[in-house]
Amino acid sequence: MDSPEDIFYLKQFVKQHPDNQMGWYLLGKQYLQAGKEGKANYCFLQAGEVYDAFEHESHPLSESQLLLVKEWGQRQRKKRLLRKTAALAALLLLLAVLAPANGAQYIPKPSEPVIAVNSSRPPVGVVFIPRKERNPIGSAWNSLVAAGKEAPQLTYAARLEEDTGWRHWKGNTRLLMAVEREELNGKLDVDMLDSLTCSCEPTDASAAEAQYLEWQEQQETHWTLASAVFHYERKYKKWPQRLDDLIQPYPNNVIAGEREGMRAMFPDVLKKLKAAKSSGGSGNLPASTETDSEPAQPEKPKAQSIVGSNGILDKQWSAPLSIVVDKSTHRLAVVQGDIIVRSYKVGLGGEETPEGSFYISEKVRNPNGRDDGDFGSRGMTLSGTLYAIHGTDEPDSIGKDESLGCVRMGKEDVEELFDMVPLGTIVQIKNGTLPNKLQQPKERFELEPSQNETNPAKVYKWLT
């Protein structure tokens, strides 16, 4: 079995299945027969226990052994095909069941969660690998091992775009690897998704990219919900009992409404935030002992994390969202640790805009009684002062210093911000901290309102 075709097959095989130790062992034997000891030794190292079992025995490369390897590869391809076929069949069945009598089709929204049935582990998780990590795959494996039984059923290793110490949530993300744990035997099915990482012909990543985008939307829902629960407990000194406790009329509108998946997510988020607080506020959870004038500051997270789409696997990811305003770049960003979730261009007041730490003490819809007044359609008061983040009827002032100190935003931007961050969110106004790049996805984050968030009894006199 010395034909070039067989040698080529083995090389391609180990690229596609790097965890198959027998494949590496057989390729090493082939290299050894060809007198290429260096390459043979590399393959034998990859072979691990298989090489240990045969190194002291006469084990010639045979047609039957190569056939076994080929059969194993064929079984793996069939398993992937069966999984994709089963998923497609299930979707078609669901569409047939849910289709109305008039023939209209039901199309799931991208924000609808993927729910794991009869499983305590999240269905999907992501390991974020920093750019400075030279061994991204090994780093991802270490995170999976550390997660143990809490590891998701399917985990993606990914790299977020990095810029001057920040990571961009909606930037150019690279998916490196997918690891799926089979339910019956616990074996791991690995697909390499990035040719620069594996030096191989990667698996088609289109399905993984679609699932990652869906996971991102679910994670944004989780961040807003977890932030709301955190600030509700801080404000009222008690935990919310249900999602509706967070969605109240003005002035107790902690969040502006709900979105798909939030209600189902609430019990698990509440449980894990309670557990984090009972442990003494360790990790990245700010202690709830601050006064309203001095809000706690969450620490920046570690470089990598495993995050599940329906729960918190890493405490750093339970820290609430916060807002950073950069006067030098005229940027406002929603951040989670060192991740920029959203970034907008804003109008400021130069020296009239104060630097320091504030919090959102009031959220009001249509502060002028309409959505096209001086303050636009949304307003958020900063720490009970005359400064606020609000809309404007002068859109040309965005990106300039023309206000009397407030933060002006475009209509779509301020409405998305109003929905994404809850009452109590920390706002830090600095000079020289955010990159210029904007992050405004086509599909805006939006909550469905159910309560009256207007305040017609008050005439607002913010320093517009």
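Student: What should I know about the model before I start?
Tutor: It's predicted, so local features need pLDDT of at least 70 and side-chain atom pairs count only at pLDDT 80 or more, while totals for chains, interfaces and linings use all residues. Residues are numbered from 1 along each chain as its sequence is written, and side-chain values use heavy atoms, with hydrogens and water left out.

Student: OK, sheets. What's the strand order in the open sheet of 10 strands?
Tutor: It goes β3-β4-β10-β9-β8-β15-β11-β12-β13-β14, with mixed pairing. The edge strands are β3 (161–163) and β14, each pairing on one side only. Strands here are DSSP runs of E with at least two residues, helices are runs of H or I with at least four, and both are numbered from the N terminus. Two strands pair if DSSP finds at least two bridges between them.

Student: How do β4 and β10 run, parallel or antiparallel?
Tutor: Parallel: two bridges join β4 (residues 166–168) to β10 (residues 339–345). H168 has I340 in β10 as its bridge partner.

Student: And what does β1 pair with?
Tutor: β1 (residues 124–128) pairs with β2 in the parallel sense, over five bridges. F128 has A158 in β2 as its bridge partner.

Student: Is β2 (residues 154–159) mostly covered or open?
Tutor: Mostly covered, with six of its six residues buried. Buried means under 20% relative accessible area, exposed means over 50%, and partly exposed is in between (1.4 Å probe, protein chains only). L154, Y156 and A158 are buried on one side, and T155, A157 and R159 are buried on the other.

Student: Switching to charges. How many salt bridges are there?
Tutor: The count is 23, where a salt bridge is a side-chain nitrogen of Lys or Arg within 4 Å of a carboxyl oxygen of Asp or Glu.

Student: What does K437 bridge to?
Tutor: E161, with the closest N and O atoms 2.7 Å apart. K437 is in the segment after β15 (426–430) and E161 is in β3, so the pair ties together parts that are 276 residues apart in sequence. K437 is partly exposed at 31% relative accessibility, whereas E161 is buried at 19%.

Student: Which residue does R444 meet in a salt bridge?
Tutor: E416, at 3.0 Å from N to O. R444 is in the segment after β15 and E416 is in helix α10 (residues 411–420), 28 residues apart. E416 is buried, with a relative accessible area of 1%, and R444 is partly exposed at 23%. Both belong to a network of salt bridges that links K170, E220, R342, E412, D413, E416 and R444.

Student: What about R408?
Tutor: R408 bridges to E394, the closest N and O atoms being 3.5 Å apart. R408 sits in strand β14 and E394 in the loop between β13 and β14. R408 is buried at 5% relative accessible area, and E394 is partly exposed at 41%.

Student: Which residues form the negative surface patch?
Tutor: E351, E352, D396, D401 and E402. Patch residues have over 30% relative accessible area and no salt bridge, with like charges joined within 9 Å and nonpolar side chains (Val, Leu, Ile, Met, Phe, Trp, Tyr) within 5 Å. Lys and Arg count as positive and Asp and Glu as negative, leaving out His and the chain ends. D396 is in the loop between β13 (388–390) and β14 (407–408), and is exposed at 63% relative accessibility.

Student: And which residues gather in the positive one?
Tutor: K11, K15, K36 and K39. K36 lies in the loop between α2 (21–33) and α3 (37–47), and is partly exposed at 42%.

Notes:
Accessible areas come from the Shrake-Rupley method with a 1.4 Å probe; for residues, only the protein chains shown count as cover. The place of a charge is taken as NZ of Lys, CZ of Arg, CG of Asp or CD of Glu.
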